[in-house]
Amino acid sequence: MHSVYPQISKIGLGCVTFGREIDKKASFAMMDHGFEQGIRFFDTAAAYGAGASERIVGEWLTANRAVAGSIVVATKILPPFTLENINASVALSLKHLKTDSIDLLYLHSWDPTAEAVASLKLMSDLVEDGKLRFLGASNFTAAQIRHALRLQMDHGFTRFGFVQNNQNLAVSDINEEFREVCSAHDIRIVTYSPLGAGFLTGKHQQRVQPGSRFAMVPGHQDIYFQETAIRRFARLQQFAALEGRTTTELALIWALHQPGVTSVLVSGRVPGHIDQAFAALRADAPELLDKMELIEKYLAGQEKKT
């Protein structure tokens with residue numbers, strides 16, 4: 001059984017840009033502003049900036065010891081999830097974050113080794129030893145989550161309490177089956193990329209902007225520069241024009257008001273990117289969301305015909 005889940009803010013700070021798209025000073029400004037606005041959930045990963053993001057978060061926490069205890073920090077380790085790699089990855093993340101215990105550790109993506117009983121046992125043991133508080137899985141399907149949970153429960157291991165997947169108006173890795181699995185097992189859903197790594201802002205329509213995430217991580221282009229996502233963005237543009245809003249506003253409003261989602265990660269380069277997310281969270285727009293739901297249903301119907 002899980003102990004009491006940590007309380008995490010509805011908006012979480014995605015630290016993917018730290019040490020990669022922005023330097024330490026700009027990253028500190030993001031964390032300072034996020035904390036001032038009420039963010040109590042920072043999300044990083046060993047892969048972000050080849051460890052630079054974790055190190056910057058760790059330095060900020062050290063410099064802000066008076067408040068560090070009120071923040072839940074999540075990080076992720078990459079596959080393969082062998083015993084050797086888990087131990088080495090956890091040790092390195094602890095060092096980077098300058099802590100004795102990681103609040104939440106995700107497996108960054110599914111891999112067959114995520115279903116190895118010995119690996120699941122080791123992660124459970126790390127929780128028992130106090131090096132980890134909670135476990136999670138990122139970028140898993142509903143079937144993969146269900147299978148891993150079954151193994152954890154059959155062996156009496158600490159099980160996943162959090163999942164983190166991509167979710168936005170263009171591309172979503174969360175469906176009804178996924179929600180049902182999480183609801184049945186009391187798993188908290190965290191989503192990321194509410195703006196589709198900038199795709200839903202429209203800034204990449206003519207060409208990929210130099211220095212952007214699409215430029216720095218070309219793999220993102222394959223996810224978004226495809227027929228379904230482009231068609232969905234075009235429909236969002238039409239709706240935004242009718243409503244007198246920007247596509248950025250509408251995309252954030254949609255992501256932050258999805259049912260069953262505990263926290264939405266917002267990243268960026270300047271504090272204003274955090275502010276626009278809070279503005280979307282405050283938006284009292286039930287009619288707007290109803291219209292957007294109709295658009296989703298329309299698009300889903302069109303996609304089934306093609």
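In which helix is the place of S27?

A: S27 has its place in helix 1; helices are DSSP runs of H or I with at least four residues, numbered from the N terminus. The model is predicted, so that local features need pLDDT of at least 70 and side-chain atom pairs count only at pLDDT 80 or more, while totals for chains, interfaces and linings use all residues. Residues are numbered from 1 along each chain as its sequence is written, and side-chain values use heavy atoms, with hydrogens and water left out.

S27 has a relative accessible area of 0% and is therefore buried (under 20% relative accessible area; exposed is over 50% and partly exposed lies in between, with a 1.4 Å probe and protein chains only). Leaving aside residues up to four places away in sequence, S27 touches F18, G19, I22 and I56, where contact means heavy atoms within 4.5 Å.

Helix 1, residues 24–37, also packs with helix 12, residues 271–282, at an angle of about 25° and with the axes 9 Å apart. Helix 1 is therefore roughly parallel to helix 12, a term for angles under 35 degrees. These axes are lines fitted to C-alpha atoms over the stretch in contact, and angles run from 0 to 180 degrees between N-to-C directions. On the side of helix 1, A29, M30, H33, G34 and Q37 meet P271, I274, D275 and F278 of helix 12. By class, this contact has 5 nonpolar, 3 polar and 1 charged residues; Ala, Val, Leu, Ile, Met, Phe, Trp, Tyr, Cys and Pro count as nonpolar, Asp, Glu, Lys and Arg as charged, and the others, Gly among them, as polar.

Terms used: Helix = DSSP H or I, 4+ residues; strand = E, 2+ residues; numbered from the N terminus. Parallel < 35°, antiparallel > 145°, perpendicular 65-115°, else oblique.
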